[in-house]
Amino acid sequence: MIYKKKLKTINIEYIMLKRILEENKWRIDIEGRFRHEENQYLNLIEDILKEGEMIEGRNGYVKMICGSSMHFDLNKNKIPILTTKKTAWKTCLKELLWFISGSTDNSKLKDQNVKIWNGNASKEFLENQGLKYNEDDLGPIYGHQWRHFNAPYIDCKKNYKESGVDQLSKIINMLKDPKERKSRRIILSAWNPCQLEEMALPPCHVLVQFIVTNENKLSAILYQRSGDVGLGVPFNIASYAFLTHLLAMHCDLEALELIYHLGHCHIYDNHLDEIKKHLERIPYEFPTIEITKKNEIENYLIEDFKINNYISHESILMKMRQ
């Protein structure tokens with residue numbers, strides 16, 4: 001009798017599991033990619049769609065949840081460029097190299113056909129923020145804080161060399177030093193309360209900590225206060241994976257993992273229909289990256305990065321909110 005009860009329980013569990021798998025068949029393919037790391041992103045979308053609260057924010061209505069985390073393996077040069085839509089990784093990389101250069105001049109991105117900051121760099125937007133900069137001057141945003149933290153800001157054309165704190169150079173020096181790389185203080189912060197009011201847009205990805213384990217394995221832990229899940233988050237994942245791979249290679253280390261913590265996770269109301277397309281698609285394997293080493297961190301060009309075997313589904317177009 002006990003045996004029959006156990007058998008009945010197992011049968012019920014099997015039927016329930018089978019039903020779950022059938023209802024979520026888009027998560028599994030013939031190669032068994034059920035555990036693909038991109039499912040963390042798909043699960044976040046699904047959580048927001050099912051459990052999220054619709055609220056009115058600074059620039060319109062969003063559906064949101066509070067808090068999310070993802071882990072991405074960077075071993076063997078793997079890089080998490082999302083595949084359930086075509087991700088514009090070259091645009092993402094150009095922006096990262098712009099941050100690394102210390103620039104806050106959007107015209108330098110425009111020259112490379114990068115348009116992601118155009119809305120925040122228009123004269124109208126800047127004036128609405130109470131800023132008197134010329135068009136394309138974004139104030140002391142990421143690049144300024146990474147390379148010249150808290151240096152008094154004049155405009156985007158000024159040479160700030162030797163001004164403020166060059167956080168990125170200090171991090172590189174620590175990662176290159178076998179003793180210093182064990183520190184728990186290898187932190188890059190874009191959040192500077194002293195200059196927030198001077199920025200066209202306060203930083204969303206505010207802080208990243210770098211940790212070295214097993215003598216030469218580099219991991220990055222990112223905290224992002226606000227995440228536009230439809231447009232911003234895929235870029236943020238790729239960008240900090242690029243940065244981790246770059247710093248690892250530049251400092252003779254090996255990239256290990258990107259750990260990504262999100263605070264305010266939201267989908268804009270005008271993205272809700274389009275973002276569901278992700279959930280109908282099965283992720284492809286992530287590509288790998290090769291980087292040609294340069295002597296100085298400022299000398300890297302997009303031509304120094306090679307992405308191998310990037311396969312993705314077609315693009316999903318969404319309009320950016322400013």
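Predicted model: local features only at pLDDT ≥ 70, side-chain atom pairs only at ≥ 80, totals over all residues.
Figure 1. F242 touches I79, I81, W89, C92, L93, L96, I289, F305 and I307, leaving out residues up to four places away in sequence. F242 is also one of the residues with the most contacts inside the largest nonpolar core, together with W146, F210, V229 and L247. That core has 89 residues. Its largest share, 12 residues, comes from helix α9, which runs over residues 232-250. In soluble globular proteins, nonpolar side chains tend to be buried together.

**Figure 2. C92 and its contacts.** C92 is placed in helix α3. With a relative accessibility of 1%, C92 counts as buried, because the cut-off for buried is under 20%. Neighbours within four places in sequence aside, C92 is in contact with F235, A238, S239 and F242. The C-alpha atoms of C92 and Y240 are separated by 9.9 Å, although these two residues are 148 residues apart along the chain.

**Figure 3. Helix α9 and the residue after it.** 19 of the 19 residues of α9 are buried, so the helix is largely enclosed by the rest of the structure. At 1.5 Å a residue, a helix of 19 residues should span 27 Å, and the end C-alpha atoms of α9 are 26 Å apart, which agrees. Just after α9, D252 takes a positive phi of about 60°.

Figure 4. Helix α8 covers residues 167-176, and its buried residues are Q167, L168, I171, I172, M174 and L175. These residues lie on the same side of α8, because they cover an arc of only 165° around the axis. An α-helix has 3.6 residues a turn, so residues three or four places apart point the same way. The face turned away from the buried side of α8 carries the exposed residues K170 and N173. Among the elements that cover the buried residues of α8 are the helices α3 (89-101), α7 (142-148) and α9, and the strands β3 (187-189), β4 (205-213) and β5 (217-228).

**Figure 5. Aromatic rings around Y142.** The whole structure holds 11 aromatic pairs. One of them is formed by F99 and Y142; this pair is tilted, with 4.9 Å centre to centre and 40° between the planes. The pair links distant parts of the chain, since F99 is in helix α3 and Y142 is in helix α7, 43 residues apart. Both F99 and Y142 are buried. Y142 also pairs edge-to-face with W117, at 6.3 Å centre to centre and with 70° between the planes. W117 lies in the loop between α4 (106-110) and α5 (118-121), whereas Y142 is in helix α7, so this pair ties together parts that are 25 residues apart in sequence. W117 is buried, as is Y142. Ring pairs link W98, F99, W117, Y142 and W146 into a cluster.

**Figure 6. K158 and the ring of Y160.** K158 lies over the face of Y160. The distance from the ring centre is 5.9 Å.

**Figure 7. Helix α2 and what covers it.** The buried residues of α2 are N39, Y41, L42, L44, I45, E46, I48 and L49. The elements covering these buried residues include β2 (60-73), α9, β6 (254-268) and α10 (272-275).

Notes: Residues numbered from 1 in each chain as written. Heavy atoms only, no water. Core = buried A, V, L, I, M, F, W, Y, C linked by side-chain atoms within 4.5 Å. Buried < 20%, exposed > 50% of the residue type's maximum accessible area, 1.4 Å probe, protein only. Helix = DSSP H or I, 4+ residues; strand = E, 2+ residues; numbered from the N terminus. Contact = heavy atoms within 4.5 Å. Arc of directions from axis to C-beta. Expected span 1.5 Å × (residues − 1). Phe/Tyr/Trp six-rings, centres within 6.5 Å; stacked < 30°, edge-to-face > 60°. Lys NZ or Arg CZ within 6 Å of the ring centre and 35° of its normal.
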